[in-house]
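Subject: Structure handover

Hello,

Here is the structure I promised to pass on. Please open it alongside this note; my findings follow below.

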Amino acid sequence: MAGKATYEELERRVKEFQQAEFERKQGKEELREHSEMLENIINGVSMLITYVDREERYVFVNSAYADWYGVSREELLGKKVSNILSPDAYERAAGNIKKALSGQRVSYTNKVIAKDGSERYVNANYYPHCIKNEVKGFITTIVDITDRIKEDKSLRLQETIINFSSSAIVACDLDCNISYANPTFLQKWGFVDPAEFLGRPFWNFWAVKHRLDEILQALKDEGVWFGELQAIRKDGTFFDVLVSAAAVFDSKGNPFALTSTSTDITERKNAEKKQIFQRNFAIGLNKTLTLEETLSEILLNAFQLDEFDSGGIYLFDEKTNGLILVSSKGLPQTFVDEVKYYDLNDIRVQMIMKGIPFFLPTCEFPMPIRESLEKYGLLAIAVFPIKFRETVIGSINLASRTHVVTKVSQ
């Protein structure tokens with residue numbers, strides 16, 4: 001019959017409908033299973049996840065978010081964000097919520113109060129949810145970064161302590177090549193650019209070569225070494241330091257670096273030298289009986305200052321006003337003969353008459369004085385005027401064949 005379906009056609013249509021219904025139900029079941037699986041995944045992650053609608057109400061929260069605030073998910077759903085966050089936390093978040101609901105993606109760090117009452121820092125990201133260009137709400141992902149911030153603060157504190165430490169802090173590889181030094185090292189050793197010392201051997205900057213085996217053995221056996229050394233500045237001069245060195249070990253107990261902390265003890269060493277000098281000087285003078293013995297004792301004790309090994313004592317001649325060498329030690333006779341008298345016009349006498357101590361390396365003396373000093377191998381000269389009732393009556397002149405004097409302890 002025209003316009004009417006045959007029995008077979010009806011049967012076919014019924015089967016197609018049943019198949020479609022089966023597939024629809026199966027798809028719905030799969031969708032439900034997928035939805036449950038997705039929710040389980042979201043609930044299982046440590047990241048805090050929420051969905052907030054346009055009225056700032058919680059439409060969805062995962063388990064981590066609920067646990068973090070110490071309430072059940074059911075207690076949160078439908079509640080306004082302002083009712084859950086503390087007033088301070090909500091005040092800090094309100095502006096960003098407004099931006100998210102206007103369609104802007106937002107990322108910021110906030111301080112909140114956790115369920116145990118502790119202050120925590122979180123990194124929050126707001127992702128606007130739009131349907132047909134209309135914002136329906138926003139998804140939030142929140143990560144607790146308190147430990148990371150504390151670690152960053154701790155590292156910054158350590159860095160600050162190292163940078164502002166009055167001690168020089170140096171790190172080396174196992175071959176003793178310097179890989180790091182703090183600003184104090186640059187200042188004390190006279191450097192401006194770290195490139196001048198990075199990668200260079202540790203012992204280039206400490207007078208340590210003769211003790212290197214001892215130090216490395218102690219680091220190998222005990223992991224630490226402690227002692228006094230002389231440091232070498234960029235200009236080649238020395239100063240005294242107290243050094244504490246240690247090996248740095250990895251998790252398996254293998255050393256992978258060396259560190260040292262050096263403290264300038266020059267003032268302490270100078271104070272000790274002064275005490276020893278004053279004691280020995282007093283003892284020596286108590287034993288002298290004549291002027292010659294007294295002058296000789298003065299010279300011998302003066303040699304203890306900054307590695308001097310020779311010198312003489314001059315007194316003004318009342319008749320000529322010139323300087324006469326009245327006592328000397330450690331100088332060759334030919335040199336003594338050359339310098340036994342200076343008249344009033346000599347530049348050396350004029351310098352002494354000013355009454356101010358001076359100390360110069362030989363290379364800074366004018367010619368021909370410089371030639372005379374170099375001929376006898378004298379590297380540096382220090383002169384101390386002798387005063388009596390504010391009048392200069394002579395001088396103590398000290399010389400060194402081994403040490404370039406840059407500063408004399410007075």
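With which side chain does the side chain of Ser310 make a polar contact? The partner is the side chain of Asp309, at 3.2 Å. Keep in mind that this is a predicted model.

**Around Ser310**

Ser310 sits in strand β11. Is Ser310 buried or exposed? Ser310 is buried, because its relative accessible area is 0%, and the cut-off for buried is under 20%. Leaving out residues up to four places away in sequence, Ser310 touches a set of residues that includes Phe303, Leu331, Leu378 and Asn397. Lys329 is also among them. Ser310 and Lys329 are 19 residues apart in sequence, yet their C-alpha atoms are 5.4 Å apart in space.

**The sheet**

Strand β11 belongs to an open sheet of six strands. The order is β13-β12-β11-β16-β15-β14, with antiparallel pairing. The edge strands are β13 (341-342) and β14 (358-361), and each pairs on one side only. β14 pairs with β15 (residues 380-388) in the antiparallel sense, over four bridges. Look for Leu360: its bridge partner in β15 is Ile381.

**Helix α8**

Now turn to α8, residues 212-222. Its buried residues are Leu212, Ile215, Ala218 and Leu219. Why are they on the same side of α8? They cover an arc of only 135° around the axis. In an α-helix there are 3.6 residues a turn, so residues three or four places apart point the same way. The buried residues of α8 pack against β8 (224-232), β9 (238-249) and β10 (255-264). The face turned away from that buried side carries the exposed residues Asp213, Lys220 and Asp221. Just after α8 comes Gly223, with a positive phi of about 85°.

**Aromatic rings**

The count of aromatic pairs comes to 15. One of them is Phe185 with Phe191, a stacked pair. Their ring centres are 6.1 Å apart, and the planes are at 10°. Phe185 counts as buried because its relative accessibility is 0%. Phe191 is buried too, with a relative accessible area of 8%. Both rings belong to one aromatic cluster.

Best wishes

Technical notes:
Residues numbered from 1 in each chain as written. Predicted model: local features only at pLDDT ≥ 70, side-chain atom pairs only at ≥ 80, totals over all residues. Heavy atoms only, no water. Phe/Tyr/Trp six-rings, centres within 6.5 Å; stacked < 30°, edge-to-face > 60°. Buried < 20%, exposed > 50% of the residue type's maximum accessible area, 1.4 Å probe, protein only. Pairing = 2+ DSSP bridges. Helix = DSSP H or I, 4+ residues; strand = E, 2+ residues; numbered from the N terminus. Arc of directions from axis to C-beta. Contact = heavy atoms within 4.5 Å. Polar contact = N/O pair within 3.5 Å; in protein donor to acceptor, adjacent residues only side chain to side chain.
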